[in-house]
Amino acid sequence: MNTKINKILAVGLVVCGLMACSEDDERIPDVSAATCPSAIELQIPAEFQKLIYTDNTDAQVLPLIVGEQVQLGYTLQPEDATFQSVVWTSSDESVATVTADGRIEALSERGLGYTIVTVAPTGMYAGSGVLSTLKVKVAAHLQQASEIHLSAATTEVYEGEQTALTYAIEPEATTYRTLAWTSSDESVATVDSKGVVTGVSTGGTATKTVTITGTAMDGSGVSASTTITVKRIVQPQSVSLDQAYSSDNGYAFALNEMGAQLSYTTVPVEATQSQLQWSSSDESIATVEAGYVTFKGFGEVTITATCPETGNSSSLKVNIPVGLLRETFHNPDHYSIYDAKQSGSGTTTGNEWHDGYLTITTYTVNATTQRADLKWWDLPATLHAGNYPIVAIKVDDVKDLYSGEGVTARNLNFDVVGKSESGVDFKALGNGNNKYSGDLKCSDASHVFIYDLAALPFGTGGLAPTNESISFNTFQLKYADIKTIDHQITYNLYWFQTFKTVDDVKKYVTDVDGLSYEVIK
């Protein structure tokens, strides 16, 4: 900091810190009630304000052409601050200078790039946090836009609702990065300086469309438009939630499924669904928004939809029991169990999602062995032998799938590490390779391997207790020692679930998967 600013800082801090001096010294004013500035805001002229954009560092940037000048201002808070003077600085005066009264000049010969212009109350320039900044980017000449691409979060809004437009301007070096926005009919929808569209009215019809246009600020005339449909709000008079997922009908959700979209109907059918009011009886278990329930914890919760105009409502009981795990690969954005990301000999494991199953690729352990373990990523994984003692996985058995290529062996090993509610450690379900308690060979050639918590002890901890849960922070099925084969192979993983009984597993295979099966073990 230069000497002049240091002196100003020292004087300002002394003045703001002093109490009243002697009443006998009339030369020094009474500053006991002095009010120091608590905030300062930089003011930018409207014609330049519309050019400001946010860059990839979240900084507010004002683009200028060399030789341009702009007069900045400021406001102090509180308005009655005792000390009103300020200091203006530029972090790189080879890019742009700023005068003592806030006039910026983009320089023509001393460099291009950006500078940070700062205004701060006198004496509070350093360390106080009471300052305001603006990033100024200087260009040698005006680069006009050649093309604009528009997109919308949604192209349909109800009256009173909003949608945000986003855009890209080409080329990247275009000087002015903001657009002038217009609406073809502001009685239908308006658009603000940030590209946020607000539906106004359909004039009583079901829908109306409006054209929103963004035009470059550089005089090039380049623009882009998009059509937004505004929909009339129709208040729901009654609502009925589909009870298929109700716990009263025996349905249960697994916590790892993360959430579910509820189905419902309204009267009238064309009612505006966003007008429904949703609530949860216990948000520590589940929350709800627009009919989508997000799971937060174990337990039973009541989800209710209410029509605000009539007060009519409908409810659904949602159960998320302890110990239920379910992965059926119907959500491409989330699945709980997949390859354990292993590598060797220049190869790596992989997985490819399909609607209803996952294809796993092995990696090469050595010249005769392949491997691809399956790992549960939504930890902790919670089991409860009293509620859901049967752990089952439907997967291809590579011994069958690749028998024609010489595969005669593979090892399944349930590697888990967890702790019960009472603090007992549990490790290694079955305590060894191929210790599953059941094996069903399905008519599609896949196998269902079953691990019964009531029959299979852990290597550490013994049998699982039936009166408390076990939470596992390591939960992995090792699919290893695939011999003998000299290249990577794939196998399919269809589902992983816990059940109350082995009969429930068999019923799931026949009723849900639509398959027959042979009991191998």
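Colleague: How many salt bridges does the structure hold?

Modeller: Side chains of opposite charge can pair when their charged atoms come close. The structure holds 11 salt bridges, a salt bridge being a side-chain nitrogen of Lys or Arg within 4 Å of a carboxyl oxygen of Asp or Glu. This is a predicted model, in which local features need pLDDT of at least 70 and side-chain atom pairs count only at pLDDT 80 or more, while totals for chains, interfaces and linings use all residues. Residues are numbered from 1 along each chain as its sequence is written, and side-chain values use heavy atoms, with hydrogens and water left out.

Colleague: Which side chain meets Glu-257 in a salt bridge?

Modeller: The partner of Glu-257 is Arg-326, at 3.1 Å from N to O. The pair links distant parts of the chain, 69 residues apart, with Glu-257 in the loop between strand 19 (238-241) and strand 20 (259-261) and Arg-326 in strand 27 (residues 326-327); strands here are DSSP runs (E, at least two residues), numbered from the N terminus.

Colleague: Is Arg-326 buried or exposed?

Modeller: Buried means under 20% relative accessible area, exposed means over 50%, and partly exposed lies in between, with a 1.4 Å probe and protein chains only. Arg-326 has 14% relative accessibility and so counts as buried, whereas Glu-257, at 21%, counts as partly exposed.

Colleague: What does Lys-419 form with Asp-425?

Modeller: Lys-419 and Asp-425 form a salt bridge whose closest N and O atoms are 2.5 Å apart. Lys-419 is partly exposed at 42% relative accessibility, and Asp-425 is partly exposed at 37%.

Colleague: How many aromatic pairs does the count come to?

Modeller: Rings of Phe, Tyr and Trp (its six-membered ring) pair if their centres lie within 6.5 Å, and planes under 30 degrees apart count as stacked, over 60 as edge-to-face and the rest as tilted. The count comes to 26 aromatic pairs. One of them joins Tyr-245 and Tyr-251, a tilted pair with 4.9 Å centre to centre and 45° between the planes.

Colleague: Why is the pair of Trp-376 and Phe-475 edge-to-face?

Modeller: The pair is edge-to-face because the planes of Trp-376 and Phe-475 stand at 80°, with the ring centres 6.0 Å apart. Trp-376 lies in strand 35 (residues 374-376) and Phe-475 in strand 43, 99 residues apart, so that the pair links distant parts of the chain. Trp-376 is buried, with a relative accessible area of 0%, and Phe-475 is buried at 4%. Both belong to one aromatic cluster, whose members include Phe-414 and Tyr-436.

How values were computed:
Helices (H or I, at least four residues) and strands (E, at least two) are DSSP runs, numbered from the N terminus.
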